[in-house]
Amino acid sequence: MLPTPKTVFVKTYGCQMNVYDSERIEDALRPHGYTPAAGPENADLVVLNTCHIRERAADKVYSELGRLRNMKDARSGMQIAVAGCVAQAEGAEISRRVPAVDVIIGPQSYHRLPELLTRARDGGLSVVDTEFPAESKFEKLPARAASGRAPSAFLTVQEGCDKFCTFCVVPYTRGAEFSRSVARIIEESQSLIRDGVRELTLLGQNVNAYHGEAPDGSAWGLAQLIARLAEVPGIERLRYMTSHPRDMTDDLITEHGRNAKLMPFLHLPFQSGSDRILAAMNRKHTVADYLVLIDRIRAARPDIALSTDIIVGFPGETDADFAATLSLVERLTFAQAYSFKYSPRPGTPAAGLATPVEDTVMTARLTALQHLLTAQQKAFNTAQIGKTLPVLFDKPGRKPGQLIGRSPYLQAVHAEADSRLIGQIAPVAVSSASLSSLGGVIVAA
Ligand code: 5AD
Ligand code: SF4
């Protein structure tokens with residue numbers, strides 16, 4: 001018997017790993033009759049795929065749940081599920097604060113969602129599943145569905161983190177490091193390629209700690225995985241994120257120099273430019289380690305564009321510590337970066353520290369840092385004017401006749417182009433630059 005047709009709206013918060021997981025949640029629901037809805041208003045099921053990394057991310061979930069509860073009151077049969085890291089970290093609190101939630105499901109259990117929705121409906125109660133099951137969700141989820149994919153896709157190859165930075169919830173919400181096998185990653189990449197994907201971004205909370213089982217039974221690191229994926233017919237570009245400086249191995253750095261499909265862009269968080277703060281953060285690297293690393297990476301691939309994550313206002317951060325962060329940014333120059341005010345997370349070691357930085361000080365530091373980062377990003381983009389860059393076009397632009405794509409350095413690039421170029425790489429002579437994108441014209445290859 002065919003399942004009754006239903007609609008689902010999945011709202012994603014947080015990182016790219018959640019974007020990937022949301023697609024897999026839709027894949028898990030499809031065999032049970034669910035098709036995607038455009039918004040929550042008419043959906044039979046709304047899934048919030050949540051983020052717990054900073055307080056503000058978690059707060060957004062509760063305000064959204066307030067709105068959804070009102071919708072559910074007005075409509076019979078609607079179900080609400082909370083997935084992701086807030087579900088994992090505070091599942092019991094969610095069901096206490098918002099009893100209208102039907103299912104609370106942690107990031108490791110998405111393959112069980114259809115069954116839990118049925119249990120919640122039959123039992124009329126909210127069901128919580130935040131176990132770290134012995135079997136991997138990747139083995140249990142149905143294959144990814146063909147659905148006119150964009151040319152660039154995420155592929156999760158690694159999950160979890162064993163680093164335990166003292167500010168971070170990830171080791172608690174996503175659990176210990178786990179790497180998928182090479183064979184399963186190749187299989188998934190082939191199915192994405194059949195669907196029109198040309199660029200893969202390999203994802204993991206700590207992706208360069210990847211150590212998955214290879215076909216010969218040995219464990220491969222990320223460099224070997226990238227080298228193998230570059231041989232898969234149809235793959236034109238490879239990227240990976242997010243990395244930890246401690247796991248930038250020699251072979252991975254070498255791969256940046258020798259593999260033309262590995263794009264010259266690296267997101268490598270350093271968090272703070274002060275050794276004292278790095279130690280308190282348990283980052284397991286110093287400023288000098290980071291500088292040496294960047295020198296070696298730039299020697300291997302001189303045009304590499306750097307991105308990073310920085311936290312201001314970690315407990316105990318002085319003006320001098322913050323000045324060291326600014327001077328590291330000045331010295332290295334970043335093509336783009338994410339910067340955050342420190343946010344104490346329940347259950348993490350840093351949350352117990354008794355030396356908080358005042359919010360007004362944090363705000364002033366964040367403003368100063370972002371001012372510098374914005375100037376660097378603008379300068380990096382402006383420096384592309386006059387160059388010709390290969391652009392992978394992935395969608396129509398805002399203006400008619402225009403397409404948007406990505407440069408090797410991950411910049412958005414607009415150009416007048418026939419929509420048949422979507423999914424293809426074409427050379428673009430860059431003639432303009434703004435903070436967030438480049439513009440240019442397609443030239444003959
Ligand atoms: N407060 C502020 N920023 C944080 N990050 C992780 N945990 C916290 C926190 N408690 C930032 C780090 C990390 C990025 C994903 O989020 O910079 O690299
Ligand atoms: Fe969090 Fe540190 Fe692991 Fe990154 S390396 S996920 S910041 S604990």
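To show the shell, pick Cys161, Lys163, Phe164, Cys165, Phe167, Cys168, Val170, Pro171, His244 and Arg283; a residue is near a molecule if one of its heavy atoms lies within 4 Å of it.

A quick note on what you're looking at: this is a predicted model, where local features need pLDDT of at least 70, side-chain atom pairs count only at pLDDT 80 or more, and totals for chains, interfaces and linings use all residues. Residues are numbered from 1 along each chain as its sequence is written, chains are lettered from A and ligands numbered from 1 in the order in which they are written, and side-chain values use heavy atoms, with hydrogens and water left out.

Next, hop over to ligand 1. Around it, select Ile53, Arg54, Phe167, Gln271, Asp309, Ile311, Phe340, Lys341, Tyr342, Ser343 and Arg345. That shell divides into five nonpolar, two polar and four charged residues. Colour β15 (305–312) and β16 (336–341) too, as each supplies at least two residues of the shell; strands here are DSSP runs (E, at least two residues), helices are runs of H or I of at least four, and both are numbered from the N terminus.

- An N or O atom in the side chain of Arg54, 2.8 Å from an oxygen atom of ligand 1.
- A polar backbone atom of Phe167, 3.0 Å from a nitrogen atom of ligand 1.
- A polar side-chain atom of Gln271, 2.7 Å from an oxygen atom of ligand 1.

Stay on Gln271 for a moment: its phi is positive, about 70°, although it is not a glycine. You'll find Gln271 in the loop between β14 (265–267) and α10 (275–280).

Now for another backbone stop. Zoom in on Met241 and Thr242, which are joined by a cis peptide bond with omega of about 0°. Thr242 sits in the loop between β13 (237–241) and α9 (250–258).

Finally, zoom out and colour by domain: domain 1 (6–129), domain 2 (137–382) and domain 3 (388–442), with bounds from an automatic or database domain assignment. 17 residues of domain 2 touch 20 residues of domain 3, where contact means heavy atoms within 4.5 Å.

Methods
Polar contact = N/O pair within 3.5 Å; in protein donor to acceptor, adjacent residues only side chain to side chain. Nonpolar A, V, L, I, M, F, W, Y, C, P; charged D, E, K, R; others polar.
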